[in-house]
Amino acid sequence: MKTETEQEKQKRREKEAAELSRLEKAGRKKTLVHGFWFLLIILTVIYIADEISSNMNGVMKPYMIFDLFHIPDSDTTSSAYGSAISVMTVASIPTYILMIVNPLYRTLADRFGRKIFLFINTLCMGLGLLMCMLAPNPYVFVAGTVFTSFFTPNDMQVIYLMETAPKQHRAKLCSVTKGIGLLSVSLIGVFRSIFYHPEDLASWRMVYLVPIIITVAIAVIAYIFTKETPVFLERRMAYLRKTDEEREEELRKEQGGGKGGIGEAVRYILRSRQLRNVAVVLFVFSMAIAMSGYAGEILLAGGHMSNDDMNLFYVVEPLVYAVFAFFSGFFTDRLGRKNSGVLFGICAIIGMTLFVFGAQWGIGAVALAFANGLMFGGLWSLSDLLFLVLPGESAPTRIRATVMAVISYMFVSSSIVSILVGVFYDRIGSARIGVFQLCFFVPIILFSIIFLKLKVKETKDTDLSRVGEENG
């Protein structure tokens, strides 16, 4: 602990006493409706808002480009469309500074609690969608997309579940709530069929209206009806009740900071072979995420999809993805984290291959929706396992959110690849983007699941309250 004057020490103790009193009151406070199952319902609805926000801009991007870039005949294979993608990518580069700051923002949950950030993250998703809906030009749309993307990866609802659910059911409950949330992504297809009309290029904006209302409403409801997680309250209050001497002793035992924070999280990751290996596989795996973001262009370039086919695709695809996500946790708890990760990776490879070639062959909207849903189901189930479950089950409670935030810096590889593909998109072209994606996607996923199987330790049935007693 840093050297303090007596005045500074007294001031700190007064602040800590006030915080301890506040947390004790928060622990005793009853919400209007309480209980684990009611909390589970709220977190599930937040997952709905999260998943809609995460997918909306990707679905609507081609139609925004048709409108704001005035693409002749709304042709994705034209040079004008390729140039528009490149222009948007270059415009987004300065905004990636926000993604560098994001893990720092996420660490605040270990200091100030989970509840306030559950509210802020959800509300700001809705505000980001509103920016995109009202965008007068492509640059505001890019800013809205980045703003939304800053808050969607934080997944505070996952930490809530991990810290409140029985350990033998953690992965199942996470996957069930996510599966239900993903079902709502089909609403994007429903709203698209209601509000979007190809003859009116500006009608893409109205597809955003209902999701914005849902997201803002559930943010307010969550703030009113949720309370802080018991795990956070117990660990934070235990720390505040310790004397300075007890904290100094804990500091010496742990060879790191007792307060948490970026520095301690980084040191813990570097000391832990488990977390170092997770970081390596995350860095490589994240490149595959960047190689999966052009489904709309692949479909439109294939030339086999009518507007009604596109509507059907965007309704069915999330259903397939949701069913996969719903059951993924059962596999994770049954097979273990590593074996289920291998299964998810294989499904992602099969789905991507069927989707890319199926779009060229015109195999039909439902079959394509199944293939892409399988790909995304495998890809994002593996992503959740690597970014959320394994780090969360390998880090102690006092720095769990911070470790998960720091390790998410491995996602920088995805940003780099996304920028490179976007900048050179006009040279790749929509007609070739599918095969281009596939050639990179398959070897990246194969490396990731092999490394996971061989180098990462199993964390099934981990007791979260005891993580960190031995540095793995």
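Does serine 184 count as buried or exposed, and at what relative accessibility?

Modeller: Serine 184 counts as buried, because its relative accessibility is 6% (buried means under 20% relative accessible area, exposed over 50% and partly exposed in between, with a 1.4 Å probe and protein chains only). The model is a predicted one, in which local features need pLDDT of at least 70 and side-chain atom pairs count only at pLDDT 80 or more, while totals for chains, interfaces and linings use all residues. Residues are numbered from 1 along each chain as its sequence is written, and side-chain values use heavy atoms, with hydrogens and water left out.

Serine 184 belongs to the loop that joins helix 9 (170-183) to helix 10 (186-195); helices (H or I, at least four residues) and strands (E, at least two) are DSSP runs, numbered from the N terminus. When residues up to four places away in sequence are set aside, serine 184 touches Ile48 and Ile52, contact being heavy atoms within 4.5 Å.

With 46% relative accessibility, isoleucine 100 counts as partly exposed. In sequence, 311 residues separate isoleucine 100 from phenylalanine 411, yet their C-alpha atoms are 9.8 Å apart in space.

The aromatic residues come next. In the whole structure, a search finds 20 aromatic pairs (rings of Phe, Tyr and Trp, the last by its six-membered ring, with centres within 6.5 Å; planes under 30 degrees apart are stacked, over 60 edge-to-face and the rest tilted). The pair of tryptophan 204 and tyrosine 208 is edge-to-face, because its planes stand at 75 degrees, with the ring centres 6.0 Å apart. Both tryptophan 204 and tyrosine 208 are buried. Tyrosine 294 and tyrosine 425, by contrast, form a stacked pair, with 25 degrees between the planes and 5.2 Å from centre to centre. This pair links distant parts of the chain, 131 residues apart: tyrosine 294 is in the loop between helix 15 (273-290) and helix 16 (295-302), and tyrosine 425 is in helix 22 (residues 425-428). Tyrosine 294 is buried, at 9% relative accessibility, and tyrosine 425 is buried too, at 0% relative accessible area. Elsewhere, ring pairs join Tyr105, Phe117, Phe147, Phe150 and Phe151 into a cluster.

Helix 16 also has buried residues, namely Ala295, Gly296, Glu297, Ile298 and Leu299. After helix 16 comes glycine 303, with a positive phi near 75 degrees.

The axes of helix 14 (residues 262-271) and helix 15 cross at roughly 95 degrees and come within 5 Å; axes are lines fitted to C-alpha atoms, for helices over the stretch in contact, and angles run from 0 to 180 degrees between N-to-C directions. Helix 14 is therefore roughly perpendicular to helix 15 (65 to 115 degrees; under 35 is roughly parallel, over 145 roughly antiparallel and the rest oblique). Tyr268, Ile269, Leu270 and Arg271 of helix 14 make this contact with Arg273, Leu275 and Arg276 of helix 15. Helix 18 (residues 337-361) packs with helix 23 (residues 433-455) at an angle of about 170 degrees, the axes being 9 Å apart. Helix 18 is thus roughly antiparallel to helix 23.
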